[in-house]
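Please keep the sequence and the 3D view open while reading, and find each pair as it comes up.

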Amino acid sequence: MTTDEKFMYRCLQLAQKGEGFARPNPMVGAVIVHNGQIIGEGYHRQFAEAHAEVNAVLSVKDQALLSSSTLYVSLEPCAHHGKTPPCAELIIEKKIPKVVIAVSDPNPKVSGKGIEKIQKSGIEVTTGILQKEAEELNRAFFVNQLYNRPYVILKWAQSSDGFIDYRRSTAEEAPAQISNDLTHSIVHRFRTHVQGIMVGTDTALLDNPKLTARKWFGNNPTRIVIDREAKIPSNAAIFSEDSAVIVFTQSGYPVRKRNIKPIIIDFNRDTNRQILKHLYAEKIYSVLVEGGTRLLSTFIDKNLWDEAYIEIAATKLISGVKAPEISMDNAITKKYLDSTQHHLKNKITQNFL
């Protein structure tokens with residue numbers, strides 16, 4: 001590992017601290033080095049608050065050292081006015097002579113402009129240090145910018161013989177217990193890291209899920225449900241006031257609450273792409289799709305997914321609702337008690353990594 005790689009690796013470590021809080025902004029870390037020693041560090045802690053470069057600069061006790069230091073940052077400094085002032089201007093103002101960047105920003109408002117701005121001021125710029133690792137860290141952000149849609153994560157649990165539930169016709173029939181206590185908590189952790197969580201009508205009716213992150217610290221995602229024929233009752237758990245709800249339906253929606261936003265789509269056309277387009281317009285940039293089989297399968301069949309987490313438990317159901325079919329090739333597996341989690345990444349995401 002070269003010296004530049006060592007300090008950039010530290011930037012990536014810092015960046016990850018913003019997971020679940022920086023969104024929809026990317027996770028970014030910055031390190032300031034003087035004579036081979038780190039004198040300042042920072043990361044993007046919270047959306048709409050100071051960026052990594054600002055926090056790193058402010059952490060330097062002797063500001064006079066900045067004019068003879070190197071700034072390492074995991075993503076190109078911004079050059080536009082957004083929620084905060086441009087970081088490129090701060091770098092120029094502080095007369096930092098050298099900047100090392102992992103990867104350029106795919107956002108058209110930024111892409112190349114930050115690098116160009118600081119280069120024109122005479123600052124030496126190096127790019128491409130741990131680029132692949134930096135892109136991997138912000139996969140969701142890159143998908144947003146390159147494909148103009150939310151980052152889609154599929155998740156389900158299935159028995160060892162390939163079923164996700166018993167065949168049930170009413171909510172009074174108890175669902176199959178597939179996940180264990182540990183994997184159930186992990187699911188709630190996933191929920192704090194996405195902006196939206198989606199289910200179909202049958203799941204909302206039969207499971208009556210709340211879809212909140214009760215077992216993990218963090219924000220509740222916006223709940224998204226498809227209810228074409230307005231079958232879900234107004235007292236359903238998904239309509240609680242714990243978080244906002246978006247309902248995709250075919251006409252005027254009868255359930256009226258302040259936290260519910262109905263969106264009408266054409267169910268005779270490609271519903272998945274319509275849903276993703278509307279969610280992106282609503283500034284929901286990451287979505288966890290939790291089922292059931294029919295909804296999950298539509299995203300798989302249309303290749304509209306980026307990651308998938310499939311839990312396979314030791315239990316057998318013998319019969320019931322078949323799990324979605326997906327190739328487990330190249331899956332990363334982890335053991336959680338009596339369950340194995342299979343983590344997949346779609347090639348559509350890997351194409352630019």
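Predicted model: local features only at pLDDT ≥ 70, side-chain atom pairs only at ≥ 80, totals over all residues.

A charge is said to sit over a ring if NZ of Lys or CZ of Arg is within 6 Å of the ring centre and within 35 degrees of the ring normal. With that rule in mind, Lys 322 is found over the face of Phe 163, at 5.0 Å from the ring centre.

**Charges over rings**
- Besides the contact between Lys 322 and Phe 163, Lys 6 lies over the face of Phe 7, where the distance from the ring centre is 4.9 Å.

**Aromatic pairs**
- The structure has 4 aromatic pairs, and one of them joins Phe 7 and Tyr 72, whose ring centres are 5.3 Å apart and whose planes meet at 45°, so this pair counts as tilted.
- Phe 7 belongs to helix H1 (residues 3-15) and Tyr 72 to strand E3 (residues 70-73), so that the pair links distant parts of the chain, 65 residues apart.
- Phe 7 counts as buried at 5% relative accessibility, and Tyr 72 is also buried, with a relative accessible area of 4%.
- Phe 190 and Tyr 309 form another tilted aromatic pair, with 4.4 Å from centre to centre and 40° between the planes.
- Because Phe 190 lies in helix H7 (residues 181-192) and Tyr 309 in strand E13 (residues 307-313), this pair ties together parts that are 119 residues apart in sequence.
- Both Phe 190 and Tyr 309 are buried.

**Salt bridges**
- The structure holds 17 salt bridges, among them the one between Asp 202 and Arg 294, whose closest N and O atoms are 3.3 Å apart.
- Asp 202 is in helix H8 (residues 201-207) and Arg 294 is in helix H10 (residues 293-301), so the pair ties together parts that are 92 residues apart in sequence.
- Asp 202 counts as partly exposed at 44% relative accessibility, whereas Arg 294 counts as exposed at 64%.
- Glu 282 forms a salt bridge with Lys 261, and here the closest N and O atoms are 2.7 Å apart.
- Glu 282 sits in the loop between helix H9 (271-281) and strand E12 (286-289), while Lys 261 sits in strand E11 (residues 260-264), 21 residues apart.
- Glu 282 is partly exposed, with a relative accessible area of 31%, and Lys 261 is likewise partly exposed, at 39%.
- Salt bridges that share partners join Glu 136, Arg 139, Glu 307 and Lys 345 into one network.

How values were computed
Residues numbered from 1 in each chain as written. Heavy atoms only, no water. Salt bridge = Lys/Arg side-chain N within 4 Å of Asp/Glu carboxyl O. Helix = DSSP H or I, 4+ residues; strand = E, 2+ residues; numbered from the N terminus. Buried < 20%, exposed > 50% of the residue type's maximum accessible area, 1.4 Å probe, protein only. Phe/Tyr/Trp six-rings, centres within 6.5 Å; stacked < 30°, edge-to-face > 60°.
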